[in-house]
Amino acid sequence: MRLHKFNFLLFVLCISSLSYAQSYINYDISFKNAAQHEAEIKVSFTKIKSGKFSFRMSRTSPGRYAIHEFAKNVYNVKATNSKGEALKITRPNPYQWDVDKHDGTVNVSYTLFANRGGGTYAQIDETHAHLNIPATFMFAPSLKETPIQVTFNPRKGWKVATQLKKMFDNTYYAPNLQYFMDSPTELSNHQIRTFEVDSNGEKQKIHFVLHHNGTEAELDAYFKGVKEIVLQQKAVFGELPKFDYGEYFFLACYIPNASGDGMEHRNSTILTSTRSLADGGMKRNIGTVSHEFFHAWNVERIRPKSLEPFDFEAANMSGELWFAEGFTSYYTNLILARAGLMSHEAYINSLNGTFNYVWNSPGRAFFNPIEMSYQAPFVDAATSVDPVNRENTFISYYSYGSALGLALDLSLRNENKKLNLDDFMKQVWKSYGKNEKPYTIDNLHKALNKYAGKLFGDHFFNNFIYKSAMPNYEPLFKRVGVLLKQDSKKVFLGVSTSSKGVVRNNAQIGSPAYKAGINSGDQIISIDQHVVNDRNSVNSILSQYAIGDTATIQFSRYGVLKSVKVRLIKDPRYTIMSFEKAGLEVSPKILQNRKNWLDKK
């Protein structure tokens, strides 16, 4: 979220006069019933204009694009005027409360139930209060530019960690609603590590706040990796963002009752996982650190115009998520490799899943990357009860953009001008991020034309962004000593099945299963004379067949036995591996190309 610029002197004067001025929104939150996941919240709205006054819960959250309806966890809502007299409340819709008569002050109190510790919701228990602000606090749309102060009343042993500006004790400040909503807060007996990074002669503090059940030594070891990630991402852009108060906070909860997530914010990020550092988290959690910190540049400051300002009352749709989320996803593991947290071989192997998912998806016949980005309100942790056909119509903009970021990087490196994606990102940063000028897709297109030439830029956007063609990866991979190959003998049916033969997904369009009418929920009983069971899975049976073979499949649908014939085709999936792993010779030039791509900067 973008912080509306304000004069520093005015800020200081405002802070010093808070006790006298009545034009601030004042929040107070306490946790006496934390064992039952409840918080008691009070908010005082003052200097309100006469007439109807509305206050509400948000329906969205910064970094998310779908509707989440936070009002469902609010109850015991009461309102009084400045004299403590009860005010009549009406409800025009499920997420809003109205007061028709007041004296310029409306004091609201309510109870919040919160028990999901991730990047979108809030969680309160006896160990912590993990607060995503839109999921926690009511707000008044008519007062969106009014400064805010919030007082946290922590339980014994808890400390406060947040990107909000500390005023005194446990009271914090936000200049407006947008900044407040973008400021997650962790209250717990957490551990913290800090280091300073010099950027353009100015030192900024990076804090890693961790609520977990592990040891100080585990945090120390983990923090070494965090520092390497920060420095390698700084190398991509040439500098850190200028954090508003000179500080950035990683707010991590690695606890058994968390929900795995990561969510970027302007000067902080939420990191949650059920994995402790001692239980695989040291390696498996670090990728989220890499992804979310990259967002401090790409999406928080290099920001799509379609997300400005962020709307807390409706779904937020953006056609740029293939770049904002997807290119960030490309850099996630790339940074881990450069930071020495992932071997080159492991990084190359990690490309397999994303590449095959994007390359073989029928969804490209329906939507290009821009249109896939438009689907975010339906897929970004959104919930629905009706079945959908996402397997055939949707490709995650995270994965789609990651695959295109990989192709663009390797294509730029294939030019004779010593180009690369890092330097293109630097250019975009200087043009749109550092000065916080929201960009459009056309801006990105013109930026690539400027960086790599009009012929190159037009080709990339006209074929891969405005349309859904895919780059030719094979020669791009070869230049860095990576082999792209298919198994010439493996057959493909087009559905995934359980050990008992139950089909778990919609059949892929064009596959043998699709053409035969086999679909999700069907149970494959036999393939020719081979009976499917726990010891004889569908995949093990198919491994005995050759490409072009015809097989008779018996399956059950709603208790009715059906029989179809299928002609098996070649498995369209690829394997990506290094030349060395494939037993191929690696020339010094190719090895140098790979080092230029994957080595520490």
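## Overall dimensions

The chain has 601 residues, and a compact globule of that length would have a radius of gyration near 25 Å; the chain has 27 Å, which agrees. That radius is taken over C-alpha atoms, and the globule rule is 2.2 Å times the number of residues to the power 0.38. This is a predicted model, where local features need pLDDT of at least 70, side-chain atom pairs count only at pLDDT 80 or more, and totals for chains, interfaces and linings use all residues. Residues are numbered from 1 along each chain as its sequence is written, and side-chain values use heavy atoms, with hydrogens and water left out.

Along its principal axes the C-alpha trace spans about 85 × 65 × 50 Å. Buried residues make up 56% of the 601 residues. Buried means under 20% relative accessible area, exposed over 50%, and partly exposed in between (1.4 Å probe, protein chains only). Take the contacts with a separation of 6 or more: 68% of them come from residues 24 or more positions apart. A contact means heavy atoms within 4.5 Å.

## Secondary structure

The chain has 19 helices and 27 strands. Both are DSSP runs numbered from the N terminus: helices are H or I with at least four residues, strands are E with at least two. Helix H5 (residues 286-294) is mostly covered, with 8 of its 9 residues buried. Among them are Ile286, Val289, His291, Glu292 and Phe294.

Strand E3 (residues 53-56) runs antiparallel to E6, joined by 4 bridges. Phenylalanine 53 has valine 99 of E6 as its bridge partner. Strand E5 (residues 89-93) is also antiparallel to E6, through 3 bridges. Here asparagine 93 stands opposite glutamine 96. E5 and E6 form a hairpin with 2 residues between them. Two strands count as paired if DSSP finds at least two bridges between them.

## A four-stranded open sheet

An open sheet of 4 strands has the order E23-E22-E24-E25, with antiparallel pairing. Its edge strands, E23 (530-531) and E25 (560-567), each pair on one side only. Strand E22 (residues 523-527) pairs with E23 over 2 bridges. Isoleucine 527 has histidine 530 of E23 as its bridge partner.

Tyrosine 558 is found in the loop between strand E24 (550-557) and E25. Its phi is near 55 degrees, a positive value in a residue other than glycine. Tyrosine 558 is exposed, with a relative accessible area of 82%.

## Pocket and cavities

On a 1 Å grid over the protein atoms alone, a cavity is a set of points where a 1.4 Å probe fits but cannot get out; a pocket is an open set with protein on both sides within 12 Å along at least five of seven lines; lining residues have an atom within 4 Å of a point. Grid points are joined across faces, edges and corners, and a volume is the space filled by probe spheres set on the points.

The largest pocket has a volume of about 660 Å³. Its lining holds 27 residues, of which Phe492, Gly494, Val495, Gln508 and Arg573 lie nearest its centre. Helices H8 (344-359), H11 (390-393) and H18 (538-542) and strand E21 (491-492) each supply at least two lining residues. The lining divides into 10 nonpolar, 12 polar and 5 charged residues. Ala, Val, Leu, Ile, Met, Phe, Trp, Tyr, Cys and Pro count as nonpolar, Asp, Glu, Lys and Arg as charged, and the others, Gly among them, as polar.

There are 2 cavities of 30 Å³ or more.

## Local backbone and packing

A cis peptide bond joins glutamate 308 and proline 309, with omega about -10 degrees. Proline 309 lies in the loop between H5 and H6.

Glutamate 436 sits in the loop between helix H13 (421-433) and H14. It has a positive phi of about 55 degrees although it is not a glycine. Glutamate 436 is buried, at 10% relative accessible area. Alanine 452, in helix H14 (residues 441-452), is buried at 7%. Not counting residues up to four places away in sequence, alanine 452 touches Leu412, Lys417 and Leu419.
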